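Biologist: Could you take me through one part of this model up close? I'd like the geometry spelled out, cut-offs included.

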Amino acid sequence: MARESRQVLVDEEISTMSTDEDLGVVKEKQAWREKYIVPFVFIGFIVIRALDRIFLYRVQKSMADYTAILMSIYWPPMVQVMCFLVSLAYVFRKRQSDKSYNMAWFSPFSERASSQGAVPQKWIAQFALYDQVNAILSAPPSPFIPLVLQTPLNNLVVLFTAFTAFFYLKTRFKMVHYAGICIILCSCLVGVLVELQGPQPIICRGLHGAADAMKNPATAATVPQETRWLVQNATDDCVTGLPPYKNADGEIIYIAFGTLATMYLLYIFAIIPSAFSNCYKQKKLKQVNLDVMWSFFWSGMWQVFWGFLLYPLSWVPWPTPTGHNEAGPSTLSQDLKDSWTCFMGRNPKPSVTTCSAEPAWLWFMMYLLFNVFFNLFFLWLIKRLSGTWASIGSILCGNLCGIFSQFDLFAGPSAQKLTMEQWMALILSSIAMWVYNIEEEVDVNGKSVYGEKEQGDHRYDTFGVMGVDPDEDEYASDDEPMAQDHTNF
């Protein structure tokens, strides 16, 4: 009997030791995961985002006359199909360990939407609204701006996001953060400085004079054909101000300076809704520990709605590479037919010549594949870190995108080599990210805003220290225990 009792004690001790060892292994794995998950996600994010932007730029060059239809009618439902498939795989994976996961997860009123229960759909509608406004406003100017210049211009989102976060989220930045943002602005200027200055006027006058002289048949007969070709191309490139527009075939098309300047300003203005979107997502994702995948799925659903609702903005008579936008309610049916013809790689009418350059549908499918994971990773980084940090992180996406855009394999015939000043801009923006990450962003009490809380971060509540009407109490969350109790903004 005593022997049996001792054996039972030994078995219990072995069981306890085994359990402790298992817990130790689990904690070790969890610590390893916590340490490396951000770098792994971020590396995937920058590579996916870089290719995402290149493929979209390639499509927009081919469909230069139909970019509004592309981003309002084609993109939202097509990317949502991809989103649904990814979400379905997520639910299936969760169900392997928790059988309570089922198709009810897709409900707009799902209790699994956050740690604080069901989430108001108006939050998710705003996620999509600001992103859709950004997509619609940036669509018209995108074909006019070389991809290597879109990179430094997009970096301005960091300044706009930080400004919004300071006042709206009560985020407080340190000197290294301001230094990083200043370096980013300098990189924007460095990247376009040579293009804005242009060559010396005397050089352009000489080239234009030579080109005019060779229009005389007698003069042209004495000059080798290769030399005439070089002079003509150098004359076309000899412009002062913004870089010349190149179509999908890589041919230079003359665009009035006023038109180009307007397109650049519109492109910059389109960044502002994206900046506010970053901060609003940070607030709601952290406030209730919002499920990234669920918000990702329903944001896509709302994006389809906003895409159709805001489509009339495509009837604004903005400039296009071939003249100006002539679309309107009366031309809607024909525009949809023409855009589909263009999408399939054929020119719908003689005045449109870019569609046949390459099949837009092929590159658009590639874009959708990368875009769906980019948006998912971006939401995850905002929730885990912050909206401003995710914007800073996007800089490296732009750097990699600028490098990829040099090669025909990625950017097509309109690929352009990076100039020395553009390389310097990319180097400066990379240094800016390094400087920015020396210290963490903090709230008004000096506590880090990075990370997430299992039951939600009540600092973002209406009367929390980072709320819209902050209270002196650090965590005044008694009146807002559930997601439905929170205010909209």
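At which residue of helix 2 does a kink lie, and about how many degrees is it?

Modeller: The kink lies at W75, shortly before the proline P76, and comes to about 45 degrees. The bend at a residue here is the angle between axes fitted to the seven residues ending there and the seven starting there. Before going on, some ground rules: this is a predicted model, where local features need pLDDT of at least 70 and side-chain atom pairs count only at pLDDT 80 or more, while totals for chains, interfaces and linings use all residues. Residues are numbered from 1 along each chain as its sequence is written, and side-chain values use heavy atoms, leaving out hydrogens and water.

Helix 2 itself covers residues 67-95, with helices being DSSP runs of H or I of at least four residues, numbered from the N terminus. Its 29 residues, at 1.5 Å a residue, should span 42 Å, and the end C-alpha atoms sit 40 Å apart, which agrees. That expected span is 1.5 Å times one less than the number of residues.

Helix 3 runs over residues 121-138, and the two axes pass 10 Å apart at an angle of about 135 degrees. Those axes are lines fitted to C-alpha atoms over the stretch in contact, with angles from 0 to 180 degrees between N-to-C directions. Helix 2 and helix 3 are therefore oblique to each other; under 35 degrees would be roughly parallel, over 145 roughly antiparallel, 65 to 115 roughly perpendicular, and the rest is oblique.

As for cysteines elsewhere, the structure holds 1 disulfide, a disulfide being a pair of cysteine sulfur atoms within 2.5 Å. C342 and C355 form it, with their sulfur atoms 2.0 Å apart. The torsion about their S-S bond is about -95 degrees, so the disulfide is left-handed. C342 counts as buried at 0% relative accessibility, and C355 counts as buried at 0% too. C182, by contrast, is partly exposed at 46%, and its sulfur lies 6.8 Å from the closest cysteine sulfur, in C186, too far for a bond.

Note on methods. Helix = DSSP H or I, 4+ residues; strand = E, 2+ residues; numbered from the N terminus. Buried < 20%, exposed > 50% of the residue type's maximum accessible area, 1.4 Å probe, protein only.
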